[in-house]
Each structure stands twice: as structure tokens, then as C-alpha cells.
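Dear colleague,

Please find below the structure I promised to pass on, together with its sequence. My notes on the salt bridges follow it.

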Amino acid sequence: QQFCKAVVSSTTSSIATSVVRWHKEKLAQEHANRPLHAIVEEEEGQSSEMSSNEDEDVALGRCLEPIDWAAASGWKEHRVCAFSYSLPHLPDLTDRIDCALEVVTSQKTVRISPSPFGKGRMRLAFAMVVLLPDGRTRQFVAKQHIKRRDRDQERQLHYSDIVTQEVARSFAAAFTAESKKKLQFLKVGLMQLEDGDGEWYYVEPYMSGDYTKY
């Protein structure tokens, strides 16, 4: 119990502090390079967007249409650069929070559904298959932000989510090792299309079933 309390307290405090600091620094940098009227118009739009009465299923994530995996052979094919991240194992849990991630890159061929099957408050979810050398495919979910930004901003936002996910995976593994209950987070990654505009996607394994999002 003491271990769990320490993990929760340390994780919540440190991650929250890091995210807030990063967000403030990012906003300050962006605002410094933009005209005042553009900043005001964007902030007014965000305020209006936040105060709108969105349906509950949109706020918590909703299914737009069921996935037809049988149609995957007809989805548009792309060559992508895939980025797989991992957190170095450090004895002190708190040292893992601000630790730089290790990355492995690879080239893959994927097919992405033309329309999203799910929508949350911030991102759209597309069904995707990765083509394996032996002819088989693996099912994944590729996510993009609803509000489009330039490519570098997209990558940074996706990467910050991956850092949080990897820290959570590490802490969950430590919790599982000390308790009788198994806690696990998905392994996620990034990919960039080598064609078109070089769009970035946040990628995670597809998990079938019904889930409740909190």
C-alpha cells in the first residue's frame, strides 16, 4: 500500500508539473512568433469550443462506423517510417519521468482506412493494417488530431503522449511486480507517411471488445 501511494503521488505530481511547464513554454514560444490578432482569435475560438454543449458520447469517445477488416485489401497503401520508443530501466522510479526515450526506426508498408471509425474530443481513430513479409497482416489503430497543425507540432504533440504512456507502462510494471493485480498499458508508437504531406500518426495495437473510457 505504501508503495502504491508513493507511485501515485510521485507520478501525478511530477508528470503534471512537467506537462504544465512544457505547455507554458510551448505557448510562450508560439505566441512570441505570431501577431496579436491571430492569438486572440484562436483563444476566442477555443473558449467558444470548450463552452459548447457537446454530446457525452463525443466527449468520451464514440464509434462513427464499425471496422470492416475484410475491406482492408482495398485501403490505400503507404510506405511509412515507424518509430518505436522505450524507456530505459532505471532503479529509481522518479528518474524515469524526465528520462529521454530510446528509439528504433524501421520502414513498413501499411494500409489505412479512408474514413475514421472513432472520434474523441481531440483525435480521430483510423483502422490500419501492417503488411508483414510473409503476407499476413497485423491490425492497428492510427490516430490523428482533429485540429490540424504543422508537421513539427503534430510530431511533438504525439511524442508528448508517448512519453506519458511509456512512463505509465514503466510504473504499471513496477506496481504489478509488487502486487497481486496486473496493470498494463499499451505499447504505442509513431509513424510518418513517406508520401503525400508526410503526415504523422500516433499508432497503437487494435484491441477488440467493448470498453469504457474515463
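Arg-155 counts as partly exposed, at 26% relative accessibility, where partly exposed covers the range between buried (under 20% relative accessible area) and exposed (over 50%), computed with a 1.4 Å probe on protein chains only. Please bear in mind that this is a predicted model, in which local features need pLDDT of at least 70 and side-chain atom pairs count only at pLDDT 80 or more, while totals for chains, interfaces and linings use all residues. Residues are numbered from 1 along each chain as its sequence is written, and side-chain values use heavy atoms, with hydrogens and water left out.

The side chain of Arg-155 meets that of Asp-152 in a salt bridge at 3.4 Å, N to O (a side-chain nitrogen of Lys or Arg within 4 Å of a carboxyl oxygen of Asp or Glu). Both residues lie in helix H4, three residues apart, or about one turn of the helix (helices being DSSP runs of H or I with at least four residues, strands runs of E with at least two, numbered from the N terminus). Asp-152 is partly exposed as well, with a relative accessible area of 43%.

The search of the whole structure finds nine salt bridges. One of them joins Asp-161 to Arg-123 at 3.2 Å, N to O; Asp-161 lies in helix H4 (residues 151-178) and Arg-123 in strand S5 (residues 123-131), so this pair ties together parts that are 38 residues apart in sequence.

Glu-154 forms a salt bridge with Arg-149, with 3.9 Å between the closest N and O atoms; Glu-154 counts as buried at 2% relative accessibility, whereas Arg-149 is partly exposed at 27%. Finally, salt bridges link Glu-166, Arg-169 and Lys-187 in a network.
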